[in-house]
Amino acid sequence: SPTNTLELAEDNTILDGTGKYLMPGLWDAHVHFAYMEELAPSMFNLFLGYGVTSVRDTGGKIGFVKGWKDKALANPTAAPRVMIAGPLLDGEPNVYDGSSAGRPPLSVGLDDVDAVVQAINSLDSIGVDLLKAYEMLTPEQFAKVTALARDKGLKVTGHVPLSMDVISASNAGLNSMEHMRNLELSCASNADELLAERRQLLAAGSEDAGGILRSRIHAAQRKTAVENYDETQADKVLAVLAKNETWQIPTIALSTGFAERHFTRPAWKATFQYLPKDIEDRWLDEIKEVNQFDVEPFTREYADWMLNMVGKIHAAEIDLMAGTDCPIFYLTPGYSLHEELALLVKSGLSTQAALQTATLNPARYFGMEKELGRVQENMWADLLILDANPLDNIAHTKRIEGVIKQGKYYDRAALDALL
C-alpha cells in the first residue's frame, strides 16, 4: 500500500544486492607514495581496484605526498582518501637520506631540538594529518615532537627511537607504533643492558651513515633480544601500551616476508601485471634472486615472534590497524592489504576483529568514526560489495563485486579497467 512504499528520487541508481555482502571500504594504514615515485601515479587505481578507499601515508617529502593528498581531495570519487605525515622526523645521522634506492629521501635529519620545532611548525603550516617520529631521534628531540604534536592536535606515530625503550616512548606520548619496531628490544630479560649498549653504539657511530648505523644496531641486538624474550617483561610493556592507548600497526606481511616469501606465490605475482611494465620486470627479477637464498633460522624465529606478539597485543586490548608498507618489498598496493588481514587472523584475531583493523579502527584513530568505518546512514558512502561473507573466511575480502567511493559505484568491469 502507499503507506509503506519507499519513494525514491528518479535519479537514484538501485543496485540489486541479493546474495551479496556489504561492508565498509578498507584502509591501508601504512603506505608510501614517495618510496617509488615512478609507481605513485598508479597507486590510486590500484587501491580502489582492490577496495582500499582510504590510506595513511607514513613518510615522504612533504611537497610530493601533499600533491597526492590534494589530488585525492579534488577527485574524491576517483581516489582513496589520503592522510599524510610528511617526512620522517629523524635525528642525525638520518636513515632514509636518499643514499640508495633502498633508502630514498623520505626523512629529514634534525640535529637538535630547535630543528625539531622548525620542522614541525613548517609541516603544520603546510597541512599534515599526523607526524612520524623515527629511530635516530634523541630522547630530548622525541619529547619535543610529542609535546608540540599535542599542542597542535596531531597524533605521533613512528618507530621507537634506538636511544629509548618502548615504555619511555609510550609514556612520552607516542600515539602509535609502526611494525612494532624495536618492541622486541624492550621485551627481553636483559632490556636495560640492551638499551645501554644501544646508546654506546649510537655514540660510537655518530659519523656513519644513518642506515648503516641502524642496521648495525639491529644486527647486534635483535637476535639476542628474541632469544632472551621474557613473558613477564613483555606483559609489563604491553600493560603500559594498553594504559597509554599506544596503537599498533604491525605490518605483518612485510615483517614476515623474508621467512614466508609471500611474493613467490602465483596469486601474488599475478598482481604485478597491474604495475608499470618496468617495475613488474624488476620485481620479478629481484624475486628470483631473493628466492635463491635459504631462510636463515633467525628469520623464521623472528617471524614466529611477530605472529605470537600480535596475538598478545590483541589479547591485551591494544588497538590495531592494518597497514602494509606498500610498495616496499614487493607489496602490491591494494592487494597486499588483503594479505595483511589474513595474517592478522593467523595471529589470533577473529575475522570481525581483523576487519575492524581496516575499517572502524583507522576512522577512530583520526576521530572520523562519525563519518567513516561503518555501514550506516549519514556516513560517507565508501563501501565494498562482496560475493562471499568475510566473517566466514577473511579471504573473501578479495571477492569484490563492486566498490562505492563517496557514492560513485564501480562494478567489476570498472574495477578491472582501473587495474
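This is a predicted model: local features need pLDDT of at least 70, side-chain atom pairs count only at pLDDT 80 or more; totals for chains, interfaces and linings use all residues.

Modeller: Let's start with Glu 401, which is partly exposed at a relative accessible area of 29%. The side chain of Glu 401 meets that of Lys 20 in a salt bridge, 3.7 Å from N to O. Glu 401 sits in strand 12 (residues 400-405) and Lys 20 in the segment before strand 1 (21-24), so the pair ties together parts that are 381 residues apart in sequence. Lys 20 is partly exposed too, with 32% relative accessibility.

Next, have a look at Asp 129 and Lys 69, whose side chains form a salt bridge at 3.1 Å, N to O. Here the loop between helix 3 (113-126) and strand 7 (130-133) supplies Asp 129, while Lys 69 belongs to helix 2 (residues 62-74), so parts 60 residues apart in sequence are tied together. Asp 129 counts as partly exposed at 22%, whereas Lys 69 is buried at 11%.

Then there's Glu 339 with Lys 398, where the closest N and O atoms are 3.2 Å apart. Glu 339 is in helix 15 (residues 335-346) and Lys 398 is in the loop between strand 11 (383-386) and strand 12, so this pair links parts 59 residues apart in sequence. Glu 339 is buried, at 7% relative accessible area, but Lys 398 is partly exposed at 37%.

Salt bridges also join up into a network, made of Glu 260, Arg 300, Asp 304 and Lys 346. The structure holds 24 salt bridges.

Notes: Residues are numbered from 1 along each chain as its sequence is written. Side-chain values use heavy atoms; hydrogens and water are left out. A salt bridge is a side-chain nitrogen of Lys or Arg within 4 Å of a carboxyl oxygen of Asp or Glu. Helices (H or I, at least four residues) and strands (E, at least two) are DSSP runs, numbered from the N terminus. Buried means under 20% relative accessible area, exposed over 50%, partly exposed in between (1.4 Å probe, protein chains only).
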